[in-house]
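Hello,

Here is the structure I promised to pass on to you. Have a look at it first, and then read my notes below.

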Amino acid sequence: MRTVVFIFAFLFIASHVVSNTIYTRCDGNWNDPTIWQGGIVPTTGDNIYIINNVRITANLYLNSNYLNLSTGHEICGPFALTVSSASNAVINGVAKFSTVTINGSMTVNGTLVTTGIITVGGSLLVNGMVGDGAWNGVCSPLSNSCFPPIAGFTASDTVICMGDCINFYDNSTNLPTNWVWQFNGSSTAVSNSQNPQNICYPNAGNYNVQLIASNAQGSDTIIGQQLITVKSKSQSTLFPVFCQSYSSPSADHVWTHSGIYFDTIPNTIGCDSIITINLTILNSNSAINETACIRYIAPSGNYIWTTSGIYLDTIPNTMGCDSIITIDLTVLNCECLFIPNAFSPNEDGINDYFIPISNCLYLEYDLRIFSRWGEEIFNTQDANKSWNGMYKNNKLPIGTYVYRIKYKMKDMETSEIKYGFISLIR
């Protein structure tokens, strides 16, 4: 069961002597004189023709009135409508009220809906649709102003970097229906959207923005002089050469391999600086497997290892960077004689001399060393005598030399001759 509550606060149409025929001239509120032709709000006895969209801002009481709502238009508001016994209403468009009380007559050729009830004490002729409780309380937007627009707009940003984009928002008053935007310097020179989005600026500079907002009453223009400032982005290329790794200028990246990379950092004016980095890494790290008898001399000449294991050696490469060599070494006690493959006569007390090593007894011993051109530069028949890398009291250069050793040890039936290479490292 519905309870009908009557609210006695109505927008009465005031009484006057002479009846007039009054038309609306634009969208707006009922009690706004500017929406009515002649600038007069309808009163008692007037013939009212609504040919625009009208909002109701208080309860409406028709007193000896004829009201005609034209097709395609709306009268709307969350208030009550009362049609007096001497009034007649014709609804060709859409009427939306909280409640409707009909003591006179009403013809609905369009739509009449309410959030509450419709009470009929007079005459209601329905050729269209009537629904009490069928309205959700939402009025359609007003679209036809009585005045020309006053143009205005805002922007999501006014200082950007090259290639960035801006959103623009119309805030013109008096219901404009058309918009013409001009964006100097933008990749979108002209737009007719109310709120243009993603207007992008590819080049640095200061640019104007113009908006012409118009409706049926006229137009207005606003120009934002030099409104948009576009700052430049810098681009550069670096060619760094590093040994093991390289940290990018932004410190956001660390690279350990040669290649072309990109880094982004803010420049002095706040825009991104794009840096192309053509990087060269001179890392010559390597791993080798070695098998040696009795002992092994590291490639750098700085270490001598006599047991199997994994070892690291460091030597400068040709570009001045450290070369890290991982050596998987197997040391065998394979025979009595061990001949080193390198020595470093730099007087640092480490591996300064070349001498074959044996834990067996020599019965015969003859060691000779030759340059790469075949010149004999050292010989000895004393197994305890070593070579210091000198020839005729001069230090020989870094390089590879050839040895020949003829020897015979206990339990050997005949002499043996061995040839090999020695690396002289300083």
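How many cavities of 30 Å³ or more does a search of the whole structure find? The search finds 1. A cavity is a set of points, on a 1 Å grid over the protein atoms alone, where a 1.4 Å probe fits but cannot get out, and its lining residues have an atom within 4 Å of a point. Volume here is the space filled by probe spheres set on the points, which are joined across faces, edges and corners.

Before you go further, please note that this is a predicted model, where local features need pLDDT of at least 70, side-chain atom pairs count only at pLDDT 80 or more, and totals for chains, interfaces and linings use all residues. Residues are numbered from 1 along each chain as its sequence is written, and side-chain values use heavy atoms, leaving out hydrogens and water.

The pLDDT (the predictor's confidence in each residue, from 0 to 100) has a mean of 88 for the protein, with 92% of residues reaching 70 or more.

Back to the largest cavity: about 40 Å³ of space lies in it. Its lining is made of Leu 60, Leu 62, Leu 67, Ile 75, Leu 81, Ala 89, Ile 91 and Phe 97.

Now for the cores. A nonpolar core is a set of buried Ala, Val, Leu, Ile, Met, Phe, Trp, Tyr and Cys residues joined through side-chain atoms within 4.5 Å; buried means under 20% relative accessible area (1.4 Å probe, protein chains only). The largest has 27 residues, of which Trp 30, Ile 75 and Met 106 touch the most other members. Another core, of 21 residues, lies apart from it and includes Phe 343 and Tyr 407.

Best wishes

Terms used
Buried < 20%, exposed > 50% of the residue type's maximum accessible area, 1.4 Å probe, protein only. 1 Å grid on protein atoms, 1.4 Å probe; cavity = no way out; pocket = protein on both sides within 12 Å on 5 of 7 lines; lining within 4 Å.
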